[in-house]
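Thanks for coming, everyone. Please bring up the model on your screens, and I'll walk you through it.

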Amino acid sequence: MLFSSTLFLFAFLPLVLALHFVAPRAARNGLLLFASLFFYAWGETWLVGLMLVSILANFGFGLWVERDLERRGKARGALACAVAFNLGLLVLFKYADWLWLSLAGALGVAAPTPLGSLVVEAAWARHMLLNQDGHLRLPLGISFFTFQALSYVVDVARRDVRAQRSLADFGLYIALFPQLIAGPIVRYRDIALQLRDRSVELTRFASGLRRFIVGLSKKVLIANSVGAVVDPIFAAPVDQLTPAVAWLGLAAYTLQLYFDFSGYSDMAIGLGRMLGFEFVENFDHPYVSRSLTEFWRRWHISLSTWFRDYLYIPLGGGRGPAWRTYCNLATVFLLCGLWHGAAWNFVLFGCHHGAILVIERMGFGRVLERLPRFARHLYLMFVVMLGWLLFRCEDVASLGSWYSALFGLQTGAPQWVYPSLYFESPAVLAMVAGIVGATPWVKTLTARWANSGVTPPRATLLAVDVCLLGVLVLAALELSASTFNPFIYFRF
Amino acid sequence: MERRSEIRRTWQDACFCALALAFLFAPAVAWLTQGPDRDAMLAENRAPALFPEPPTDIVSLANWPRAFEAWYDDHFGLRPQLVRAHNRVKLFVLDASPSETLAMGRDHWVFLDDTGLTSWRGADPFTVGQLEAWRLALESRQRVLAAQGATYVFALAPSKPQVYPEKLSARFRRGGPSRTDQLVEYLAQHSSVRILDLRECLLEEKKRDGPDDFTYFPLGIHWAARGAAAGARAIGEVCAKTAPAIGAIDMSFDSGPVMAVEGDTWAPRMYVRDLLKQTVRDVVYRTPLALRAGEMDEQRQRVVERDGTDLPRALVFHDSFGEPLFDSLGRLFSRIVLVWRTELDPVLIAAERPDFVIHVLNDRMLTSHQPSEYDDSIGLRLAKAFEASTSVAWKFDPAANSPRVDVFSNARIDHRVQDGVTKLALTMEDPAGTFLLPPIPPREGFHPLLRMELESPINSSTHLMYMTHADPRYIRKRQIVRETSTGANVLYFEILDPDFTGRPRLLPGREPGSYWIGALEVRWIEN
């Protein structure tokens, strides 16, 4: 079930909100946990069992680590088991099949049988664990909830937090539906108190609802509309793309990815706030960055800080000799790339970002700082967009053709593909809104008001609310229309 | 002052929340109080998703949420109102298409954003292999029918963009020859067979257009009465070369009075029937003739006869573009049987023994239709290729359902034993029932040929759709259609697209019912 679906918007969300605020305070955590597990099971059916196993195991690991710390002052064994368990789950369900197929390909095995089909024999287990192609099913959100669980156990081991004593509350931390499938990655320490003690007064609820609407409109009105430009361009044979069309597709994808992802984060933050939880911000207008280093402080902040705190710093971070720092950076971003998906293009994505970050660290960053702002911004967008190409092209073999298309190295591109073909007004409006929305003008304006101690004019606040209600209606209309599917002849 | 400001802010928050939540709750409240709009789907020309049966095993339990979501998407409260509002905004505020099925043109002219438009743009050219397939198919039909004493006429009715390109949105332009252009040129160079390209006669008839009088429906995709009459006249001119008596029939006509009908229009499907209207006119022939026109029967056949003439007889196989031709073509023959079927039917041809076999198809068929050679012996080209190949991708075991065939939508799978042989019964619960066949792994230098033994309860057609890496969707452009007869059929589906991937999706027939699979096998054919 997606947030941007009619079932969620018109059925699940109203029902959960109604029950949440009608239920006694003591029952709310249990209600939310049930709703979250139902939400997950709705999409993943049997794999909710995996989530429950993860909850039980990590709850136990937390207690075990804390007990060892209290008794022996260290908990390396318990921590090692927790890390192995969580990474093992991730590797098994996300990477094992890909590694297997890659190895088979490297050994020259044609059409190798997927690992899942080899390992899982019982018919009932195949139904539960394998997809239609015989590969192990990838549990939705596994990258998010295993990282959350890992951060919890490590924070307990670092004595940053106390282990959670309530299984239900811990389960709620892992499974809470607003952030379960697409983040942000929530640190236990950020919501530990909120699990037990939170309130939702009108101001906070309204703020959460506004944030949810902003996220919904980003996803539905901008990302989905821009997708109407992205999908046909990326579906077209690459040798049919002119440079103008190729860059248009890549630019549109750059917007789509940001508004899709940040829209989801906004919805998660808004939903959390409506239920009394404050999640960390996950995006801070990354496309206004002027270096890749700055970009990663603004893009998917919960992920980049997770890697910083649980991998980069333990590896040594920026301490030690320069070459060590570069290796740490490269390692972190290689793994960051892989975190996004089990495919070689994600490895390349990670290497691309790692390499450029190292180059910036080596001195190019200082060169950048001397350049005009516009030039730095252009550099950043160029680098990021080429990275997004790696992100999008799962077929690594087509990358060469894509670069040829982007840089005009193709000969004889046909005439039936041209930029204006994709300029239907909703897509154009969405792209314009996306470019404007990617800039921090709202943040700048509100900061200016706050700094000057001036209350925003009442008319302005009213206008904002009217606009938000308007985009809520438009987004709902768009979602409703996604079910609109007319045919010439009465058929499927 | 601050206190007042705070109170105002609280009121504003309360009003905002109340309005937003009222909007989110409204569909649920409407559904509970009024129930779902059961007729809404009829406007979209499709069956709504059924409420899923209670799950009976782990597979159906796993599929239940998806089936419920499909049902919910078709039945949530206020759906027609919300879709209508969306479409009005798209059409009248943004001047854009409300559906990815459609491409809106100037003055709210409707075009299908499908293979017809793609072909007009020249964006999906034939491969040489595909042109060859058409050549072989057309030549075999002509040859075999000539041996039976019938002249074969293959008429291509153009899609609307071919005749009214100026009504398309400015963002569409031609970048190469259409598939019709390619086929005409290829046949001119490699064959003696000629197709009847109806673009010329329609462009000529278009010169007589009035302010509200067109050869195609502005809001539909088919030709209007004048367009069909012009097409019938052109078909008559070709037939007259073989039967001069046809040439003596006066086929001149004028626009008739305005009819109180909607005609072919997408406005109801877009929920804007009251906002988008068009004028529909009939044609009036200058020389009236007495015709006996029957109604369409269960076999989707219609007979038109003229008494007291020794004009030849015709059998017409057609798609939806053939329907408006009934009365016009009926003027040209003593007896004409029009069959809504895109493939020739040798049994019917043998029974009717026509002088002319006329095939009228819209040029979309050049993309969505894989032609098969016409041969009343078992030696079909594909059958020969299949038998000659020893490289098996997979062979289906109906008893074990292995490799797996699964339900995709609105259907179920059972096993039946007939004459000691286990067959798989694919039961479509409504016209939307489809199935997923096992995946066909790609093989360099080869393409797959699928052989299927299918028992059909009715005369129908079987559709096989597939995805590609570049576009992982099941769409009309990538479907292979085979006509089926009641009873046993042996069908061959050849997937020539080198980029195909995943599991083919099968629609066994056009009507609900049980279709039995006796055998299913994929072999590799060298490219």
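I'll take chain A overall, then the cores, then some backbone details.

A word on the ground rules. This is a predicted model, with local features needing pLDDT of at least 70 and side-chain atom pairs counting only at pLDDT 80 or more, while totals for chains, interfaces and linings use all residues. Residues are numbered from 1 along each chain as its sequence is written, chains are lettered from A and ligands numbered from 1 in the order in which they are written, and side-chain values use heavy atoms, leaving out hydrogens and water.

Chain A, then. It has 21 helices and 0 strands. Those are DSSP runs numbered from the N terminus: helices are H or I with at least four residues, strands are E with at least two. The radius of gyration of chain A is 24 Å, close to the 23 Å from the globule rule for 492 residues, so chain A is as compact as a globular protein of that length. That radius is taken over C-alpha atoms, and the rule is 2.2 Å times the number of residues to the power 0.38. The C-alpha trace of chain A spans about 70 × 65 × 65 Å along its principal axes.

How much of chain A is buried? Buried residues make up 55% of its 492 residues. Buried means under 20% relative accessible area, exposed over 50%, and partly exposed in between, with a 1.4 Å probe and protein chains only.

Next, the cores. A nonpolar core is a set of buried Ala, Val, Leu, Ile, Met, Phe, Trp, Tyr and Cys residues joined through side-chain atoms within 4.5 Å. The largest has 216 residues. Among the members touching the most others are A:Trp299, A:Trp388 and B:Ile358. Helix H12 of chain A, residues 243-274, gives the most to this core: 16 residues. Apart from it lies another core, of 27 residues, including B:Phe435 and B:Tyr515.

Now the backbone. A cis peptide bond joins A:Gly183 and A:Pro184, with omega about 0°. A:Pro184 sits in the loop between helices H9 (177-180) and H10 (188-196) of chain A. In chain B, the bond from B:Ser402 to B:Pro403 is cis too, omega near -10°.

Last, positive phi outside glycine. A:Arg159 has phi near 65°. A:Arg159 counts as exposed because its relative accessibility is 52%. B:Tyr271 also has phi near 65°. At 10% relative accessibility, though, B:Tyr271 counts as buried. B:Tyr271 lies in the loop between strands S5 (253-259) and S6 (280-285) of chain B.
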